[in-house]
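Work through the exercises below with the coordinates open. Each task is followed by a solution in steps.

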Amino acid sequence: MLGTLMLLLGPWLGFRLLGALGVRRFATWRDSAAHGLAFMLVATGTAHFVPDGVTVMPSHTDLVAMVPPFVPFPRLAVYLTGVLELLGALGLVVGATRPAAGAGLAVLFVLMFPANVYAAVADVPFNGEPATPLWFRVPEQVLFIGIALWAAGVTDGPRARRALVPVRRGGDSSRPGGEERPAPPVRE
């Protein structure tokens, strides 16, 4: 039940520890969260392609069983969501695509939510384990949506987003080649 959550929190804390030790890529909680979520998505996205018989993680068949009956082509839907999770993970680790990836993943998590509800209500086993109860799935899904939006900076207002965008200034003899510095504050 806690497996997916640990796939997020463990790497997130590990990346943040690396940041505290001087690895600049993980210098903030937000950057570490983006990479932690990407780590989780690589693991969960990979499961969408795992054949039966692999016991260390859920298989494609396990995930197909979670798809509600109203969704057409459930096997294809599982492959498609797997590809989208992997692309979302890639988008989170590339700074320029992080906002779009975070927003897209939030939408994907919302669209996949009925499968989580169906699996809990229909008591669909997952990787041989009993179904995760709905009382756990709902907050977990909300947490994933919130982290995707926050890690990507989507939850910030326009003022904060603008301050996060580096500005390249060139031509100043005191700064050969220009330097990165935050944009001036937005005046209302």
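Rings of Phe, Tyr and Trp (its six-membered ring) pair if their centres lie within 6.5 Å; planes under 30 degrees apart count as stacked, over 60 as edge-to-face and the rest as tilted. By this rule there are six aromatic pairs. The model is predicted: local features need pLDDT of at least 70, side-chain atom pairs count only at pLDDT 80 or more, and totals for chains, interfaces and linings use all residues. Residues are numbered from 1 along each chain as its sequence is written, and side-chain values use heavy atoms, with hydrogens and water left out.

**Exercise 1. Classify the ring pair of Trp12 and Trp29.**

Step 1. Take the geometry. The centres are 6.4 Å apart and the planes stand at 75°. The pair is edge-to-face.

Step 2. Place the residues. Trp12 is in helix H1 (residues 3-20) and Trp29 in helix H2 (residues 29-47), 17 residues apart. Helices here are DSSP runs of H or I with at least four residues, strands are runs of E with at least two, and both are numbered from the N terminus.

Step 3. Check accessibility. Buried means under 20% relative accessible area, exposed over 50%, and partly exposed in between (1.4 Å probe, protein chains only). Trp12 has 14%, so Trp12 is buried. Trp29 has 46%, so Trp29 is partly exposed.

Step 4. Look around the pair. Trp12, Trp29 and Trp150 form one aromatic cluster. Arg16 lies over the face of Trp29, 5.6 Å from the ring centre. The criterion is NZ of Lys or CZ of Arg within 6 Å of the ring centre and within 35 degrees of the ring normal.

**Exercise 2. Why is the pair of Phe15 and Phe26 stacked?**

Step 1. The ring centres are 4.6 Å apart and the planes meet at 20°, so the pair counts as stacked.

Step 2. Phe15 lies in helix H1 and Phe26 in the loop between H1 and H2, so the contact ties together parts eleven residues apart in sequence.

Step 3. Phe26 has a relative accessible area of 9%, so Phe26 is buried.

**Exercise 3. How many salt bridges does a search of the whole structure find?**

Step 1. The search returns two.

Step 2. Arg30 bridges to Asp156, with the closest N and O atoms 2.5 Å apart. Arg30 is in helix H2, while Asp156 is in the loop between helix H6 (134-151) and helix H7 (158-164), 126 residues apart. Both Arg30 and Asp156 are buried.

Step 3. Arg98 meets Asp31 at 2.9 Å, N to O. Arg98 lies in helix H5 (residues 98-121) and Asp31 in helix H2, so this bridge joins parts 67 residues apart in sequence. Arg98 is buried, at 11% relative accessible area.

**Exercise 4. Describe the packing of H2 against helix H4 (residues 74-93).**

Step 1. The axes lie 8 Å apart, at an angle of about 160°. Axes are lines fitted to C-alpha atoms, for helices over the stretch in contact, and angles run from 0 to 180 degrees between N-to-C directions.

Step 2. H2 and H4 are therefore roughly antiparallel. Angles under 35 degrees count as roughly parallel, over 145 as roughly antiparallel, 65 to 115 as roughly perpendicular and the rest as oblique.

**Exercise 5. What is the order of helices and strands along the protein chain?**

Step 1. Count: seven helices and two strands.

Step 2. Read along the sequence: α-α-α-α-α-α-α-β-β.

How values were computed:
Salt bridge = Lys/Arg side-chain N within 4 Å of Asp/Glu carboxyl O.
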